[in-house]
Amino acid sequence: METHKSMANKIAKVVPFLTHRDQDRERNIDRIIQRARDLVLSGFEAVEWSDSVWLITSGRLTESPGKRPGPASIRFHVSEELGDAALPEVWAGLAKALMKLRFNRSAQAMSSQRSFVAAIGLVWYEANRLNVPFRALNKQVLDAACRLISEQYAESTAYNLHKFVSEFVNMCDANLLCNNILKYKYSGLKRPEGSNSREQQRLDDPGVRDTSSPKMITPEVLQSIGALHQDLPKDHNCRIYVVMLSFLAFL
């Protein structure tokens, strides 16, 4: 059997939430849930831990771009397309605990928290379908969840959910919550074309370096403006118009 130290060395670079991790997975699960329950966060005053829907009343989670000011909710359910079932027992406890702890650590927006919880829900859905308990979570379940994500969501949304599945599993690995150290990354993970690019180009596309465009003025025009600027005396009353012309040309 692997020692605690040797297993820890295999964990992905995720800082664990637990300062002490036991070989007993059930104890680690109980500890991480209790730590999250004891964590006092602004905006969570109205939250009842056992509820399957949490209402956040203030703070960053209520300040999503384009959202009207006011409380925001997060649901610990699978999607309506998959039956809208509330996450059961240990899955719900861990989804709530990990969501709360990751928010305390990095203060992600509500959209990130909802997607993270949705990813956990999709993993549970496939684990339940395959009759695999949480502690026995394996790559077969995770692959099935990621394939389901690809079927259920648009490419860009699926890409983000695949990454949230990996984040969830990395947290499980780092805190020794499952029997296996999974170090999971979906083999079908593929960044969509146009990701992080206003011009619908990938950032690693060699074409990004090409700055030519029919909308750009020619070098000859810039040279002519520059020559005009140099030829005019510094105190000429039209010099400012040449400067403005140069500025507009660059825009």
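How do the residues of the lining of the largest pocket divide into nonpolar, polar and charged? They comprise eight nonpolar, six polar and two charged residues. This is a predicted model, in which local features need pLDDT of at least 70 and side-chain atom pairs pLDDT 80 or more, while totals for chains, interfaces and linings use all residues. Residues are numbered from 1 along each chain as its sequence is written, and side-chain values use heavy atoms, without hydrogens and water.

**Largest pocket**
- The volume of the largest pocket is about 310 Å³.
- Among its 16 lining residues (an atom within 4 Å of a pocket point), Arg75, His77, Arg114, Ala118 and Tyr153 are the closest to the centre.
- Two or more lining residues come from each of β2, α4 and α6, and α4 supplies the largest share, six residues.

**Largest nonpolar core**
- This core (buried nonpolar residues of the types Ala, Val, Leu, Ile, Met, Phe, Trp, Tyr and Cys, joined through side-chain atoms within 4.5 Å) has 59 residues, of which Trp91 and Phe168 touch the most other members.
- α2 (25-38), β1 (53-56), β2 (72-75), α3 (89-106), α4 (110-129), α5 (139-152) and α6 (155-174) each give two or more residues to this core.
- Beyond four places in sequence, Trp91 is in contact (heavy atoms within 4.5 Å) with Ile120, Val123, Trp124, Ala127, Phe134, Leu137 and Phe168.

**Helix α3**
- Of the 18 residues of α3, 13 are buried (under 20% relative accessible area, 1.4 Å probe, protein chains only).
- Ala107, which follows α3, has a positive phi near 55°.

Terms used. Buried means under 20% relative accessible area, exposed over 50%, partly exposed in between (1.4 Å probe, protein chains only). Helices (H or I, at least four residues) and strands (E, at least two) are DSSP runs, numbered from the N terminus. On a 1 Å grid over the protein atoms alone, a cavity is a set of points where a 1.4 Å probe fits but cannot get out, and a pocket is an open set with protein on both sides within 12 Å along at least five of seven lines; lining residues have an atom within 4 Å of a point. Grid points are joined across faces, edges and corners, and a volume is the space filled by probe spheres set on the points. Ala, Val, Leu, Ile, Met, Phe, Trp, Tyr, Cys and Pro count as nonpolar, Asp, Glu, Lys and Arg as charged, and the others, Gly among them, as polar.
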